[in-house]
Amino acid sequence: MVQLVGSLRRELAESLSTCKVLVVGAGGIGCELLKNLVLTGFKNIEVIDLDTIDVSNLNRQFLFQKKHVGKSKAQVAKESALQFCPSANITAYHDSIMNPDYNVEFFRKFMLVMNALDNRAARNHVNRMCLAADIPLIESGTAGYLGQVTVIKKGMTECYECQPKPTQKTFPGCTIRNTPSEPIHCIVWAKYLFNQLFGEEDADQEVSPDTADPEAAWNPEDTAARATASEKDGDIKRVSTKEWARSTGYDSVKLFNKLFKDDIMYLLTMDKLWKKRKAPIPLDWQQLENSMRPQEESPASGLKDQQVLGVWGYCQLFQHSVETLRLQLQEKGEGSELVWDKDDPPAMDFVTAAANLRMHIFSMNMKSRFDVKSMAGNIIPAIATTNAVIAGLIVLEGLKILSGELESCRTIFLNKCPNLRKKLLVPCILDPPSANCYVCASKPEVTVKLNVQKTTVLSLQDRILKERFGMVAPDVQIEDGKGTILISSEEGETEANNNKFLGDFGIRNGSRLQADDFLQDYTLLINVLHTEELERDVEFEVVGEAPDKAPPPQNNQEEVNSITNGNKDSAQPSTSSKGEHHWKLSWIKTVKYDKNTRPLKSLGSSRQFHVLHENSHFYSCANITAQRFSNHQLSFQHH
């Protein structure tokens, strides 16, 4: 007879009390997960998070209270979780998981790692560390009402980077407010700014410099002391951006100087942020007016929406849009609010101007109104109940792993609405590793298309190796028979190479570079494909990284669009608004359909997919061999 301890088998309960697990992230999912772990019986837990608690976290991160604002998330989460189970042994780190101190040996001391992260760079890094340490990883993410949990085990399943990921849709607040590095960060900031000035104010959409940025103050006490939130009679009081703007009469010049000069100068005082980044350059309205206004900018060619204006052009657009929006607000009466709509010209003009000015300040190439509009999209809200469901699923998958039942683990999707079988949760069998993965393949290799006469060594290091391929401290040597060192992770060793072009080192079409990251125990072979025909503003392309497209739609087929399975970085609901039956697929090759067989599977590929109806009906996924399919081409008909 099976002996139980609570609801668990005795052997499993004893395993929980002795095994050591690592939780990476103590935010929305992390708080729920930590609570679940101690209540399930896990006794030895280590949790790491670089972030500090902001007032906007309090509506969904329930281990935190008002008195904790400005303090370390990991430390406070530990203290709160211990109130559920005082006998648990929890170690908290207020630090970045990408710190070299957390090396492969650090990961090897755990039986299981659980990710509760909010950014792709850290996810990539933990994925690689767990592969190097050969430790099971449970990956998770949420996006509004959508969520996903999956298990990653070296040699058995796909790793986090086996499939290409779409553009990230949610970003850490400190990135948006302090250290934007991509145009989308500036566009999100500009949309937040619109709401702060003209719409419904939201503490989650603050645009002022984040003085509690954990990267700017590594000491938790310093971070807490610098937190902008203050307490008085138990209430958190913050300065209202809208009230300040009203007090100026929505003076566009004062707004401009506050946002693009004063706030940027304040960011420059947070000098730790700029040790390894290019510092922003403030803009001053008066100086711009004196230096640029007399210069008549020649009219750009092409459609108006596809033109990229100069800095002064966007200054004028900012001024004009602020005045138009002020009048709209005035017409609606006292206490009224505007709602941002990408199809409202003044609102779109404001976001285009503000985003491009911020891009210029942070040394990015500015974008056309058309590009900004297409990238703006919808900001996905954080839903507490989604985090709770996903955290529960993480623990259930963890129990399977610790029971030695890895083969029964699944990728599980949480959907907004029940599928045809009236299920919100859709499990899919785990896919095997991709033979073409540039991370978990036996000999990772990629081909990168670039212009060797225009690409600098610094761009190779920062834009390609660090940003695109997720390395932390790369070393690069040219396979030229001499072992020429192009980039060294040792400080100062190859800095003289930074501003030189790759062509200066004899790198040409067909050259091969070996990139090593010793922290991640990861080696990548890069084949250089020289080209002079890259699109404007594109520095490089990874050959073959775009997913295969579905065959063109046939008669009577519904519109087919591509999405990825619903993790935090990628979940995208259908955007149809007129009752059309839009289906969305991901990673389709040649698809066959057997009316007696559901789920569906893509032939010639191990990639799974699910089908999303406009009303959020999902067909689930599973590993089904090609032999089980008939030769009928899959036709998407409304049922």
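The protein exposes about 30,200 Å², of which carbon and sulfur atoms supply 48%; accessible areas come from the Shrake-Rupley method with a 1.4 Å probe, and for residues only the protein chains shown count as cover. The structure is a predicted model, in which local features need pLDDT of at least 70 and side-chain atom pairs count only at pLDDT 80 or more, whereas totals for chains, interfaces and linings use all residues. Residues are numbered from 1 along each chain as its sequence is written, and side-chain values use heavy atoms, with hydrogens and water left out.

The protein contains 16 helices and 25 strands, assigned as DSSP runs (helices, H or I, at least four residues; strands, E, at least two) and numbered from the N terminus. Of its 639 residues, 53% are buried, a term denoting under 20% relative accessible area, with exposed denoting over 50% and partly exposed the range in between (1.4 Å probe, protein chains only).

According to an unreviewed UniProt entry, the annotation "binding site" covers Cys159, Cys162, Cys437 and Cys440. UniProt positions are given in the numbering used here, feature names are shortened, and annotations may be inferred rather than shown by experiment.

Two of the annotated cysteines illustrate the surroundings of this site. Cys162 lies in the loop between β8 (146-152) and α6 (173-177) and is buried, at a relative accessible area of 7%. When residues up to four places away in sequence are not counted, Cys162 touches Pro433, Ser434, Cys437 and Cys440. Cys437 occupies the loop between β12 (425-429) and β13 (445-450); this residue is also buried, with a relative accessible area of 2%. Apart from neighbours within four places in sequence, the contacts of Cys437 are with Cys159, Glu161, Cys162 and Pro444.

A further loop position is that of Trp340, between α12 (311-332) and α13 (345-361). Trp340 counts as buried at 15% relative accessibility. Although Trp340 and Phe198 are 142 residues apart along the chain, their C-alpha atoms are separated by 8.8 Å. The side chain of Trp340 also reaches the backbone oxygen of Ala347 at 3.4 Å.

Key:
Contact = heavy atoms within 4.5 Å. Polar contact = N/O pair within 3.5 Å; in protein donor to acceptor, adjacent residues only side chain to side chain.
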